[in-house]
Amino acid sequence: MIRENKPFDELEIGDTASIKRICTANDLYVFAHASGNLNPLHIPDEDDGDPNEAVAPSMWVGALISSVLGNVLPGPGTLYRGQSLRFLERAHVGDELTVSVTVKQKLAEPLVILETVVTGRGGKTVAEGVAEVLAPARKVTVDLEDLPEVVVQRHRHFDHYIHACAGLDPLVTAVVAPEEKESLGGALLAAEHGLIRPVLIGSEALIRRTAKESGDDLGLTEIIDIPDHSAAAAKAVALALEGQVGAVMKGHLHTSDLLHHVVKRQGGLRTSRRMSHAFVMDVPGLDHILIVSDAAINISPDLATKVDITQSAIDLARALGIETPKVGVLSAIETVNPQIPSTLDAAVLSKMSERGQIKGGIVDGPLAMDNAMDAEAAKTKGVTGLVAGHAEVLIVPNLESGNMLAKELVFVAGAEAAGIVLGAAVPIILTSRADGEKARLASCAIAVLYRYWQENGQPIGVRLAQAAE
């Protein structure tokens, strides 16, 4: 960004400049951290209510004036000497603000007096005042280098999915062995948010003791007393087959104990499609969700299994509102190499998508992680196409690489990860004991939205749009 200043001897009375700025939730989060002002009126609450109701701190509004003075008029080299301010209205998240400065007086060099005004909704004055600045003495043209990026660690995509479930009936969900604080608390929290109606299957004594120790109220929650974990999992699967529950949720038992009954050929929840697991990742700084599959069930999937994994991941993405998901099939490199089998599989999956054997998305591969996610990396390596640099779904070569990728995103990049098993007769909600409340809620919300898509053939967003019309 090239900026040229206007030194003292070039300034004239009446010179004016302005910028426009939309107030965002991220602005308020960053200001709260930088200033230490944690007044709850200024903190957007995206979990409970409208984040647009958050009031922008007055000094954040005032600080916008310095961006005009320092960048435009007088510009680079300007220093503040004083600033008076009166705040007449309030700015909120989503408001577009116009920040203007006008030269009113030139005093003894280099002192300049400027009128400063910030206007907001309906052209109303939000703030007004007078700035005293030391204008630059000489003409300079500078290239304002990009600042180091600030990433606000929040998970707005998951917030969106949780809110999208409002108005839907809770999904009746068999929760298997919720016998410790996190697994029981996650199910009850999802029930409080209206996402699920839990049927707790496990040791009733342990469930009630856990609830008492955690201060949770079980109320009229249904409990089926089956202390043995394998038998509890079998009961959950049976309820799903009978149509009494619409989803199954893993509690405090080993994943293998649950899936053993899910995948049984007789009495299980198998369908014509191979089951697979998908992590739905809400990565701070990424403007869309990221689906990673399969990182939990299929250890070394062959090509036929990868076809099912890819189709299920596309279906999930569409259920979550991505109309035509962009799918990157990962390998270590972005060129086909017969000595790296995953590149061959990726190329075949891409061609199958072109010919309609995999439907609903755009599949491309092989892609390395960098050129799947970063447009500049793809450009540098000469990788073109609609997916390169813009992947919304990542199909990994095997369970090991997928699991490492998902955990790196969680523990290094600050992502939240929801988990769901696809390809079964009902959604299987898989959460880890290390998952926080947001991931547990999001896993349930994603199961609700996926189930809705299965039953209605369209994502919930379409229904909401039709209702609005």
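Predicted model: local features only at pLDDT ≥ 70, side-chain atom pairs only at ≥ 80, totals over all residues.
Local features were taken only at pLDDT of at least 70 and side-chain atom pairs only at pLDDT 80 or more, whereas totals for chains, interfaces and linings use all residues. Residues are numbered from 1 along each chain as its sequence is written, and side-chain values use heavy atoms, with hydrogens and water left out.

Helices (DSSP runs of H or I, at least four residues) and strands (runs of E, at least two) are numbered from the N terminus. Helix H8 covers residues 303–319, and its 17 residues should span 24 Å at 1.5 Å a residue, which agrees with the 24 Å between its end C-alpha atoms; the expected span is 1.5 Å times one less than the number of residues. Because 14 of its 17 residues are buried, H8 is largely enclosed by the rest of the structure, where buried means under 20% relative accessible area, with a 1.4 Å probe and protein chains only. Just after H8, Gly 321 takes a positive phi of about 100°.

A nonpolar core is a set of buried Ala, Val, Leu, Ile, Met, Phe, Trp, Tyr and Cys residues joined through side-chain atoms within 4.5 Å. The largest such core has 60 residues, and those with the most contacts inside it are Val 280, Ile 291 and Leu 316. Helix H13 (residues 437–456) gives the most to this core, with eleven residues. Leaving aside residues up to four places away in sequence, Leu 316 touches Ala 278, Val 280, Ile 291, Ile 420, Leu 422, Ile 446 and Tyr 450, a contact being heavy atoms within 4.5 Å. A second, separate core of 29 residues includes Cys 23, Val 101, Ala 131 and Ala 135.

Turning to the backbone, the peptide bond from Leu 73 to Pro 74 is cis, with omega near -5°, and Pro 74 lies in the loop between helix H2 (58–71) and strand S3 (79–87). The bond from Ser 293 to Asp 294 is also cis, with omega near 0°, and Asp 294 is placed in the loop between strand S13 (290–293) and H8. Ala 177, a residue other than glycine, has a positive phi near 60°; Ala 177 sits in the loop between strand S8 (171–176) and helix H4 (181–192) and is buried, with a relative accessible area of 0%.

Key. Buried < 20%, exposed > 50% of the residue type's maximum accessible area, 1.4 Å probe, protein only.
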